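Thanks, everyone. Let me take you through one model this morning. Please have a look at it before I start.

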Amino acid sequence: MTLDELRRLDGAKLRYALMDLAKEVKGAIALGRGDPDLDTPEHVVAAAVRALSESVQPLQPIAGMDALRSAIARRAKGDHGLDVGPEQVLVTTGGQEGLFLVMTALLDPGDEILVPDPRYTSYDQAIEHAGGVSVTVPTYPEDAFDLKAAAIEPLITPKTKALLLVTPSNPTGGIITPGEAAKIAALAQQHGFVVISDEIYGKFVWPPHEHVSIGALPGMAEHTITLSGFSKAWAMTGWRVGYVIAPEDAIDAMAAVKGATTGPVSSVSQAAALAAAEADDACIDAFRTVYAERRTLMADGLSAMGLRYTDPRGGFFFWADSSSTGLRALELSYLLLSEARVLVFPGTGFGASWSDYLRITTLQPTEVLREAVERMTPVVQRYAAEAKARS
Ligand SMILES: Cc1ncc(COP(=O)(O)O)c(C=O)c1O
């Protein structure tokens, strides 16, 4: 695919086209997709192997295995202060199905939903499918891309059905601070909209910041749908287990759609997720140490090569400004792939207006990440020097 053809794409289509292009580049290092590269913890794999050795795999209830729903509810309370029972949990085929079911069950055609800009654009597809209307809420580099109540308030209309929060954010690493969460909760209660809180990266918030679950705030249980899953926290992307926590009537509405489409999640994957949810967080703590090290490596690398970024407060991503190179992010990512053999995503993969930003993941072993930085540095510096000479 040529650069001109890529220019006509955005969102998920652009991301997938670049991943296809990277397959043709021998030895390319992928810093594109957001799937953890670390191994799924051994006790989780062992539980799946035990489940596999059963000669009959019972079909689980549509909403998920009872024990898993209970374990998720217990963790929601213990980890995040969400006071919920198992009947308020729906086990989904990854967070991806979860977000689709939430939009399908919640939105009627013409309903407005406030969404952060930039964002994980799978939400756009789900909202469009449900006939909803996305209203983008700006986020700014000077706020480290944290979503602010002051940016939300002027956009609320009588048609506002919901607000989407993704904390920490994919792609920016911005979060919802406790102070903003309280203000947003007040807006939700005053105007009667639902907050959809995607917390799939919630286990990876970098100190001194802390993860906040808005559904745990006073009066928010009835106003919040929390979405998360096992893909990121337990490095289980391919196992396809996510979950939605919501008031029981919303869970029933989503389960009805799930029953008519995919049915329950594979019983083997649910057994694995149960082992993950029931054990302590030692494996996640170990992952966190690895990701924190890589975050430092990438931060130092980007600073040295001269790409501006704001320190991500959570998650696996750097959201870096390409303008010092005098190139649009799409051009720069195209050149980084062909000249440095490193795949990064242009910002337009996450919202049409982000043509000067790159999303760079840290989901490669440390030595591979170091190699990627070494390959990127001369390319970025050369274009930056050319831009400077022109100005
Ligand atoms: C913000 C966000 N939500 C949900 C998902 C879906 O995750 P999965 O379907 O792998 O559980 C992703 C995946 O990258 C994501 O970035």
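The protein splits into two domains: domain 1 covers 3–30 + 283–390, and domain 2 covers 42–278. Keep in mind that this is a predicted model. Between the domain centres, taken over C-alpha atoms, there are 27 Å.

Now the contact between them. On one side, 23 residues of domain 1 take part; they meet 28 residues of domain 2. Which elements give two or more residues to the domain 1 side? They are α2 (11–23), α11 (282–305) and β10 (317–321).

Next, a helix pair. Helix α3 (residues 42–52) and helix α10 (residues 267–278) have axes that come within 8 Å. They cross at roughly 140°. The crossing is right-handed. From α3, the contact uses H43, V44, A47, A48, A51 and L52. From α10, it uses S267, V268, A271, A272, L274, A275 and A276. How do these residues divide by class? Eleven are nonpolar, two are polar, and none is charged.

Last, the ligand. There are 14 residues around it, and G94, G95, Q96, N170 and S231 come nearest. Helix α5 (residues 94–106) gives the largest share of that shell, four residues. The shell has nine polar residues, four nonpolar and one charged.

That's my tour. Questions, please.

Notes
Residues numbered from 1 in each chain as written. Predicted model: local features only at pLDDT ≥ 70, side-chain atom pairs only at ≥ 80, totals over all residues. Axes fitted to C-alpha atoms, helices over the stretch in contact; angles between N-to-C directions. Left-handed = near helix turned anticlockwise from the far one by under 90°. Contact = placed C-beta atoms within 7 Å. Nonpolar A, V, L, I, M, F, W, Y, C, P; charged D, E, K, R; others polar. Near = placed C-beta within 6 Å. Domains from an automatic or database assignment.
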